[in-house]
Amino acid sequence: MSPDHQHHHDVGAMGDRRLAVAIVFNMLLTLAQVIGGILSGSLSLIADALHNFSDASSLLIAWVARKIGRQPADHFKTFGYKRAEVIAALINLVTLVLIGLYLIYEAIWRIFEPQVIEGWTVVIVAGIALVVDIATAMLTYHMSKTSMNIRAAFLHNVSDALASVGVIIAGALILLYGWYWSDTLLTLLIAGYVLYQAATLMPKTIHILMQGTPVNIAIDDVIQAMQHVDGVSNVHH
């Protein structure tokens with residue numbers, strides 16, 4: 001095994017371990033947030049839990065896709081399995097859309113049926129969530145620079161960290177002023193941000209899956225360059 005191949009193998013294994021740790025932390029955090037949301041009556045905390053569950057799911061999908069993507073080409077997949085990571089990114093983005101729409105639906109119902117919320121539970125659980133979100137973002141940041149798959153998962157996590165900050169603020173407003181409506185407002189803001197993220201990344205992901213040309217390449221220029229090569233009589237496909 002060449003030193004370069006060994007280096008890539010070690011980097012890949014380290015990335016897999018980081019993802020595995022992040023998945024475990026986020027699954028445990030999701031469970032804690034759901035319990036905290038039910039006990040406190042906070043919809044925004046449950047919304048953050050669902051968003052965090054999508055983070056954990058996206059990290060799990062990313063981890064599996066990385067494993068599949070490293071398989072060599074064979075008779076069935078002559079170009080290899082690297083595109084599995086792009087498929088994983090699309091799955092994560094579709095999940096984001098569904099979660100965003102569900103949160104809007106729940107928030108609208110809260111407007112007509114407001115509930116009393118336990119502010120301290122919201123603040124404490126959201127504070128723990130913020131620490132886990134930041135740690136997870138640090139684990140995946142470097143890998144997100146070179147993989148759309150990991151970037152989708154990383155953006156999931158960053159948005160969840162911002163949501164956790166918002167939940168803490170909402171909990172503080174409930175404690176200080178009794179503004180229970182801030183919980184519903186925050187839920188709508190989280191949902192809007194989730195949908196914005198999906199709308200930003202989804203066109204790029206679909207473009208790759210549809211085998212679109214890279215944005216910095218003009219196909220006509222490529223054809224002309226190939227036609228000027230000696231011995232080339234025709235360019236197609």
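Which residues make the nonpolar surface patch of about 1100 Å²? The patch is formed by Trp120, Ile124, Ile128, Leu175, Leu176, Tyr177, Trp179, Trp181, Leu185 and Leu189. Patches consist of residues with over 30% relative accessible area and no salt bridge, with like charges joined within 9 Å and nonpolar side chains (Val, Leu, Ile, Met, Phe, Trp, Tyr) within 5 Å. A salt bridge is a side-chain nitrogen of Lys or Arg within 4 Å of a carboxyl oxygen of Asp or Glu. The elements that supply two or more residues to the nonpolar patch are helix H4 (119-144), helix H5 (148-177) and helix H6 (181-209). Ile128, for example, belongs to helix H4.

The structure is a predicted model, in which local features need pLDDT of at least 70 and side-chain atom pairs count only at pLDDT 80 or more, while totals for chains, interfaces and linings use all residues. Residues are numbered from 1 along each chain as its sequence is written, and side-chain values use heavy atoms, with hydrogens and water left out.

The secondary structure of the protein consists of seven helices and zero strands, where helices (H or I, at least four residues) and strands (E, at least two) are DSSP runs numbered from the N terminus. Along the sequence the pattern is α-α-α-α-α-α-α. Of the 237 residues, 40% count as buried; buried means under 20% relative accessible area, exposed over 50%, and partly exposed in between (1.4 Å probe, protein chains only). The accessible surface of the protein is about 13700 Å², and 71% of this belongs to carbon and sulfur atoms. Areas were computed by the Shrake-Rupley method with a 1.4 Å probe, and for residues only the protein chains shown count as cover.

Two aromatic pairs are present in the structure. The ring centres of Trp179 and Trp181 are 5.5 Å apart and their planes lie at 25 degrees, so this pair is stacked. Rings of Phe, Tyr and Trp (its six-membered ring) pair if their centres lie within 6.5 Å; planes under 30 degrees apart count as stacked, over 60 as edge-to-face and the rest as tilted. Ring pairs join Tyr177, Trp179 and Trp181 in a cluster. Trp179 has 35% relative accessibility and therefore counts as partly exposed.

The backbone oxygen of Trp179 also lies 2.7 Å from a polar atom of the Ser182 side chain. Ser182 is part of helix H6 and, at 5% relative accessibility, counts as buried. Apart from its neighbours within four places in sequence, Ser182 is in contact (heavy atoms within 4.5 Å) with Ala170, Leu173 and Ile174.

Technical notes: A polar contact is a pair of N or O atoms within 3.5 Å; within protein, one must be able to donate a hydrogen and the other to accept it, and residues adjacent in sequence count only if both atoms are side-chain atoms.
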